[in-house]
Amino acid sequence: MMVADLILIAISAGALQEAPKDPPKVTYEDSGDFRLLAMDLERRFRGRIRFAKGIPPKDVSIKVKDAGYFEALDALCRAHKGVRYYDLDETRPPLLDEVTIGSGDWLEFPASYHDHFKTALLSMMRVADRAPEGLSGSVLVVLVLHGPPWIPISDERGLATEWKVEKALDADGKDVLEGREERYRGERVSISSMTSGPNTSQAPVRLRDFDPARGLKVLSGKASVRTADVTIQRMKVEEGQSLEVGGATLAVDSVTVDRVQPDRNKWDIEFTFKSKTGKGTSLKRALEGRARHDGGKGEWVRFNVRYGGQSFRVTTAAMEKPPAWIEFRVRGEERLIEVPFHIKDAAFK
Amino acid sequence: MLIALLLSLAPVQDDVSKWIGRLESESIEERDEATRRLQTQGVGAIPRLEKARDAAADAATKARIDAIIAAIRKSAELAKVFGPTKRVTIAARGKLIKEVLGELRTPGIKRIDPGRLDVESRIDFQVRNVSWWEALDRLARALKSRYEITWQSGDYSIELKPGVEAEGPVLYFEQFRISVAEAKRVDFRTPAGKFEHALVAIEVRHQADLISSRCPVADVVRIDSVVDAKGANALIDPFDLPLRSYDNPLLLSYQANAWVRHDAPQPLTVSGATDMPFVSETKEIELDLEGDRSRIEVGKARLSVETFEQTGAGARLTLRAEAKDDKGEEEREEKVPWIMERLDDSSEVVLVDGAGRRHAGSRVSSRGGKDRCAWEITVSTGIEKPKRVICRWVSEIHRVQIPFRLEGVRLPDRSK
């Protein structure tokens with residue numbers, strides 16, 4: 001099983017080097033082993049899929065019409081019933097440009113599909129609290145936008161998705177969108193749920209009181225994502241080396257050994273980022289927060305920009321000598337993608 | 001009513017027995033009233049309270065008396081550190097609201113903003129010898145209002161808003177007000193399942209004339225137990241929940257919260273304690289910019305002018321403080337906690353020139369922590385013949401530890 005896993009990953013990784021940006025939607029019908037169908041879906045969209053351990057083998061059927069990436073993926077996982085790609089119990093941190101499928105009961109989140117995106121309603125939390133003049137209730141709903149692997153949307157990349165909820169009707173058709181009346185704002189404790197996923201953006205939305213068991217008849221609006229195509233740029237790992245990134249310069253400040261032990265050295269590479277005009281692009285806009293280097297495992301390793309937004313450190317994997325080169329994911333011109341959503345009859349019994 | 005008033009005017013020996021008897025009352029209100037009355041009896045009442053505790057039949061009454069004894073001792077301690085608590089007596093009949101609001105003036109609160117109230121209308125309002133927080137609560141309720149605390153340009157204000165605050169147990173203790181700020185039910189649903197829980201938040205407000213210290217303390221407010229009406233533990237381990245809670249305390253307050261079982265028989269009793277750090281003593285410190293008097297000892301700390309330079313636009317100064325190292329690491333940490341919090345935030349650092357003129361400085365940065373710190377101060381005006389620097393040093397930090405027990409806590413109704 002493990003060998004098969006490795007072969008599948010190797011095949012899929014190799015096939016994805018020249019992925020087109022916006023593959024067409026698909027209409028097809030097929031039956032067979034779940035993994036093979038998932039690989040077929042990966043080939044059709046060129047959006048990388050990784051299989052976590054322990055997925056039960058199963059023959060399933062898929063039938064989709066004019067479906068984008070997530071609509072097709074959902075149809076496949078729904079048919080299996082024992083797999084999912086969100087809220088996985090996995091120790092390995094997921095990468096942003098792949099979807100990891102793991103074992104677990106398929107969870108049917110109320111959702112809306114647009115092109116290759118999916119907007120889902122993750123949870124409803126009704127809070128009843130004491131307030132002036134008696135009881136006050138409200139419902140916090142959490143929306144999540146899933147971006148396909150080839151379109152970076154994650155908040156982790158320094159991007160911010162703007163959400164606008166335009167309509168919210170409860171099961172009786174009553175408007176429950178906040179802002180139509182004054183809500184008590186004296187809350188001293190706020191509560192949130194803890195879920196996250198790769199290449200997603202979440203939005204908590206507070207609505208006027210309704211019964212979550214009966215749910216919402218309609219929840220609609222749009223998510224606006226500022227995304228950018230990414231090019232990979234390489235620079236030498238030597239003090240004083242620099243790389244032109246848009247209207248700014250990225251420079252290697254220092255390369256120091258983090259731990260002195262044969263074959264176990266880690267290397268700290270310090271970078272500073274200077275805009276040429278002083279008011280140019282910011283580091284977070286210019287680079288995705290990940291880098292990879294030679295001598296490592298080839299994985300993109302996250303780094304955190306320091307307070308002030310002008311410097312960061314990349315710590316390498318254990319290696320005897322410092323890497324000769326390092327690669328960054330440089331963001332190009334930003335483009336705005338608007339993802340409308342319209343979720344109907346969402347209730348959590 | 002008149003009898004009760006007269007009794008309260010002249011505490012007599014028999015009062016203690018009477019109020020001790022009412023500690024076993026079925027009524028929460030009567031028990032609370034008895035508790036309050038006993039707490040005002042002073043340390044002289046402690047021996048009789050101790051006897052009553054030893055003779056009490058049930059554990060709840062014993063616990064109540066213990067809490068009263070602790071409170072009396074605590075009152076005496078706080079009076080020593082912060083001075084007497086401001087008490088308010090207002091006897092207003094047909095008085096203008098603006099005049100009644102004026103009677104609540106207190107150090108640290110710049111104004112009480114009446115909001116949408118008609119301050120020219122009249123009100124009957126009476127309180128007698130209550131703490132400032134209690135007077136404010138009762139006046140707000142009489143005006144069918146609640147209030148918010150705001151801060152602007154170094155001053156606190158109280159802003160009245162329409163709508164009465166929800167009823168809940170409140171303890172007024174000297175300069176402090178301890179209450180249940182939130183009691184909420186949470187019904188959380190996802191496709192994976194349904195979780196019902198409840199949450200209780202305790203808030204401790206302090207008078208505006210007490211200066212809180214940022215000196216880190218593990219639990220400024222600690223909830224030790226939440227017990228349901230049948231005496232069973234109602235607390236839930238927050239790590240077992242799919243939810244996380246975040247406190248948004250009001251100004252002049254500290255807060256803590258606890259998750260509890262949503263189906264716990266009510267009312268609940270919440271017990272815990274505070275450990276709030278306040279500045280209790282400051283002293284003015286003068287250092288020369290150079291020479292022997294550019295380094296001095298203040299209590300267990302050494303303070304010095306590390307650098308001074310005049311710049312084109314003004315001057316830049318670095319003050320440095322270190323815990324004295326004469327008795328080892330343990331001594332340093334014990335006796336001079338959090339050096340970083342010792343330069344008094346509420347007063348300016350001033351540079352004095354050769355002619356005795358004072359130039360106010362601005363703190364631009366501070367680096368340090370437990371046992372050492374350096375503060376960078378700039379002065380934006382030119383200074384001729386600069387001589388010395390004056391600042392205020394926090395010489396004492398007092399941690400106010402008040403045990404509390406709030407009975408009669410009710411969760412909101414479950415229905416929509």
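**Labels and their grounds**

Modeller: Start with Arg46(A), placed in the loop between helix 2 and strand 2 (49-51) of chain A. Helices (H or I, at least four residues) and strands (E, at least two) are DSSP runs, numbered from the N terminus. This is a predicted model: local features need pLDDT of at least 70, side-chain atom pairs count only at pLDDT 80 or more, and totals for chains, interfaces and linings use all residues. Residues are numbered from 1 along each chain as its sequence is written, while chains are lettered from A and ligands numbered from 1 in the order in which they are written.

Colleague: Why does Arg46(A) count as partly exposed?

Modeller: Arg46(A) has 19 C-beta neighbours inside 10 Å, so it counts as partly exposed. The cut-offs are 20 or more other C-beta atoms within 10 Å for buried, 12 or fewer for exposed, and partly exposed in between, with C-beta atoms placed from the backbone. Arg46(A) also has a positive phi of about 55°, although it is not a glycine.

Colleague: What makes Asp115(A) partly exposed?

Modeller: Its count is 15 C-beta neighbours inside 10 Å, so Asp115(A) counts as partly exposed. Asp115(A) lies in the loop between strand 6 (111-114) and strand 7 (117-131) of chain A. Its phi is positive too, near 50°, and it is not glycine.

Colleague: Why is helix 2 of chain A called roughly antiparallel to helix 3 of chain A?

Modeller: Helix 2 (residues 34-45) and helix 3 (residues 69-80) of chain A pack at about 180°, with their axes 11 Å apart. That angle makes the two helices of chain A roughly antiparallel. Angles under 35 degrees count as roughly parallel, over 145 as roughly antiparallel, 65 to 115 as roughly perpendicular and the rest as oblique. Among the residues making the contact are Phe34(A) and Leu37(A) of helix 2 and Tyr69(A) and His80(A) of helix 3 of chain A. Contact requires C-beta atoms, placed from the backbone, within 7 Å.

Colleague: How do you know that strand 13 of chain B is largely enclosed?

Modeller: Five of the seven residues of strand 13 (residues 268-274) of chain B are buried, so the rest of the structure largely encloses it. Six bridges join strand 13 to strand 10 (residues 221-227) of chain B, running antiparallel. Five bridges join strand 13 to strand 22 (residues 403-409) of chain B, again antiparallel. Strands pair if DSSP finds at least two bridges between them. Ala273(B) stands opposite Arg222(B) and opposite Pro403(B).

Methods
Axes are lines fitted to C-alpha atoms, for helices over the stretch in contact, and angles run from 0 to 180 degrees between N-to-C directions. Two residues are in contact if their C-beta atoms, placed from the backbone, lie within 7 Å.
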